[in-house]
Amino acid sequence: MIIRDARFLTSNSRADLCPEPTMPEYAFIGRSNVGKSSLINMLTGRNGLAKTSASPGKTQLINHFVINDEWFLVDLPGYGYAKVSKTSRAEWARMINFYLRNRANLMCVCVLIDSRHPPQAADLEFMEKLGEEGIPFVMIFTKTDKQSTAQTKALVTSYLQKMSEIWDELPRYFQTSAETGLGRDEVLDFIAEVNQQWDANAAAQE
């Protein structure tokens, strides 16, 4: 997939105020400080499209970007640690849960996981909840440039082994680096593949 155009569209605190669900949508989410904004900028080839910050919890709204006038990329607030109040975290959780359950054009949730850390309860619990809700998702391991290939491979294997304890079928996963561009083509090709399914379904309904 070639990214010809990527632009910010709107931010909302309520899923029912999001843009009309006229195009396929992909939501990016992960624990705070997982490198989500940097990954979004790398995928779109637009530095500064998503705002990066050294302080966890920067993203506080449902942020929509439109890509090639063909699909939506959504930047969701992170889960887990952030320097905000418990009340704010609870509000974010309600907002995210309502969005995930009710967004009709949501094709896939991209769950970002820091490749430098062993399996984290927050990540495992969030993915388990997605599975229980029947919401499609993939795993995107970030920051692979911060360690050796062998270390990343070992971490990915540990996650897959941990998940296989409760999952009959494991989700697809990608290894990425916002610094080197690793995984960019693979993630965008996956999105293009799912977009074709959207187009096929839309054509069948005409």
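Analyst: Two strands pair if DSSP finds at least two bridges between them. Strands (E, at least two residues) and helices (H or I, at least four) are DSSP runs, numbered from the N terminus. The structure above is a predicted model, where local features need pLDDT of at least 70 and side-chain atom pairs count only at pLDDT 80 or more, while totals for chains, interfaces and linings use all residues. Residues are numbered from 1 along each chain as its sequence is written, and side-chain values use heavy atoms, leaving out hydrogens and water.

User: Thanks! How many helices and strands does the protein chain have?

Analyst: The protein chain has 5 helices and 7 strands. Reading along the sequence gives β-β-α-β-β-α-β-α-β-α-β-α.

User: Which strands pair with E2?

Analyst: Strand E2 (residues 25-30) runs parallel to strand E4 (residues 71-75), joined by 4 bridges. Within that pairing, Tyr-26 has Leu-73 of E4 as its bridge partner. E2 also pairs with E5 in the parallel sense, over 6 bridges, and here Glu-25 is partnered by Leu-106 of E5.

User: Which way do the side chains of a strand point?

Analyst: In a regular strand they alternate between the two faces of the sheet. In E2, Glu-25, Ala-27 and Ile-29 point one way, and Tyr-26, Phe-28 and Gly-30 point the other way. 6 of the 6 residues of E2 are buried (under 20% relative accessible area, with exposed meaning over 50% and partly exposed in between; 1.4 Å probe, protein chains only). E2 is therefore largely enclosed by the rest of the structure. Over the protein chain, buried residues make up 47% of the 206 residues.

User: What span should helix H4 have?

Analyst: The expected span is 1.5 Å times one less than the number of residues. H4 (residues 149-163) has 15 residues, so it should span 21 Å, and its end C-alpha atoms are 21 Å apart, which agrees.

User: Which residues of H4 are buried?

Analyst: They are Thr-152, Leu-155, Val-156, Tyr-159, Leu-160 and Met-163. Down the helix axis they fall within an arc of 135° (taken from the directions from the axis to the C-beta atoms), so they line one face of H4. The face turned away from that buried side carries the exposed residues Ala-150, Lys-153 and Gln-161.

User: What do the buried residues of H4 pack against?

Analyst: They pack against strand E5 (106-114), helix H3 (121-133), strand E6 (137-142) and strand E7 (173-175). A contact means heavy atoms within 4.5 Å. Across the protein chain, among contacts between residues at least 6 apart in sequence, 75% join residues at least 24 apart.
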